[in-house]
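Please read this report beside the sequence and the model.

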Amino acid sequence: YKFVEGMSTTTPATTDRAQLEAVEAVASNLLSPLGLRTLRAFLAAHVHSPRVEMWRQLSAAEAARLGVADPSSSWLSACDRAVPVGDDAAAVEAAIGKLLAEVEADASCQVAAKPEERALSTRAPLSVDHVHPSSAAPASGPRPPLVALHAPIGGGAFRAAHASLVAAAARGAATYVYRPLVGADAGAA
């Protein structure tokens, strides 16, 4: 999540080159020089292309299941509900507040405490999810409802929603999961 936090403060990139430069700038603060060269080699070799495709397919399947009108735009999912997310921070914060109020009021939206129940639930984090560290599970009992942000990393909608979701996770109102949203051609890029 250190990388995600770093990308949440970057200026939105308008080109692929600008996005790569933003990624390298954030990564240079987290990796050794050798680690940064390794990252560049991995990116050039498309080592992560299968994972990018996996995220694209997961997002498309979830968007279809929840009836998201434009699955290529940013959106939130929680308790079998989907809410579009734009770049306006105030509107996003209001939408997140409303969504959290709805799912907190529904006891069936809580993430199950038992691992075997979570394994069969669409309301629990997937094994590949990026669960925010402040989404600490209570020692016993159910966990707060899962709220997943589907957005391109570093985009305006991502930045608008990320801070609100981190705060909600820190106060125990949500289990915040970030699911990278990638375009249909991102796997080939």
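What follows describes the strands, the packing around them, and the salt bridges.

## Basis of the description

The model is predicted, so local features are described at pLDDT of at least 70 and side-chain atom pairs at pLDDT 80 or more, whereas totals for chains, interfaces and linings use all residues. Residues are numbered from 1 along each chain as its sequence is written, and side-chain values use heavy atoms, with hydrogens and water left out.

## The sheet

Five strands make up an open sheet of mixed pairing, in the order S2-S1-S4-S5-S3. Strand S2 (81-84) and strand S3 (130-131) are the edge strands, each with a single partner strand, so one side of each has no neighbour in the sheet. Helices (H or I, at least four residues) and strands (E, at least two) are DSSP runs numbered from the N terminus, and two strands are said to pair if DSSP finds at least two bridges between them.

S4 pairs with S1 in the antiparallel sense over four bridges, and in that pairing His150 of S4 is the bridge partner of Trp75. S4 and S5 run parallel and are joined by six bridges; Val147 has Tyr176 of S5 as its bridge partner. The path from S4 through H7 to S5 is a right-handed β-α-β crossover, meaning that, with the strands pointing away from the viewer, the path from the first strand over the helix to the second runs clockwise. Ala148, for its part, stands opposite Val177 in S5.

Leaving aside neighbours within four places in sequence, Leu149 is in contact (heavy atoms within 4.5 Å) with residues including Leu76, Phe158, Leu165, Tyr176 and Arg179.

## Salt bridges within helices

A salt bridge is a side-chain nitrogen of Lys or Arg within 4 Å of a carboxyl oxygen of Asp or Glu, and by this rule the count comes to seven. In helix H2 (residues 16-28), Glu21 and Arg17 lie four residues apart, about one turn of the helix, and their side chains meet in a salt bridge (3.9 Å, N to O). Glu21 counts as partly exposed at 45% relative accessibility, whereas Arg17 counts as exposed at 54%.

Glu53 and Arg56 form a salt bridge as well (2.7 Å, N to O). These two residues are three apart in helix H4 (residues 49-66), and are therefore separated by about one helical turn. Glu53, at 25% relative accessibility, counts as partly exposed, and Arg56, at 23%, also counts as partly exposed.

Which residue meets Arg179 in a salt bridge? The partner is Glu62, with the side chains 3.4 Å apart, N to O. This pair links distant parts of the chain, with Arg179 in strand S5 and Glu62 in helix H4, 117 residues apart. Arg179 is buried, at a relative accessible area of 6%, and Glu62 is buried at 15%. Salt bridges that share partners join Glu62, Arg65, Asp80 and Arg179 into one network.

How values were computed:
Buried means under 20% relative accessible area, exposed over 50%, partly exposed in between (1.4 Å probe, protein chains only).
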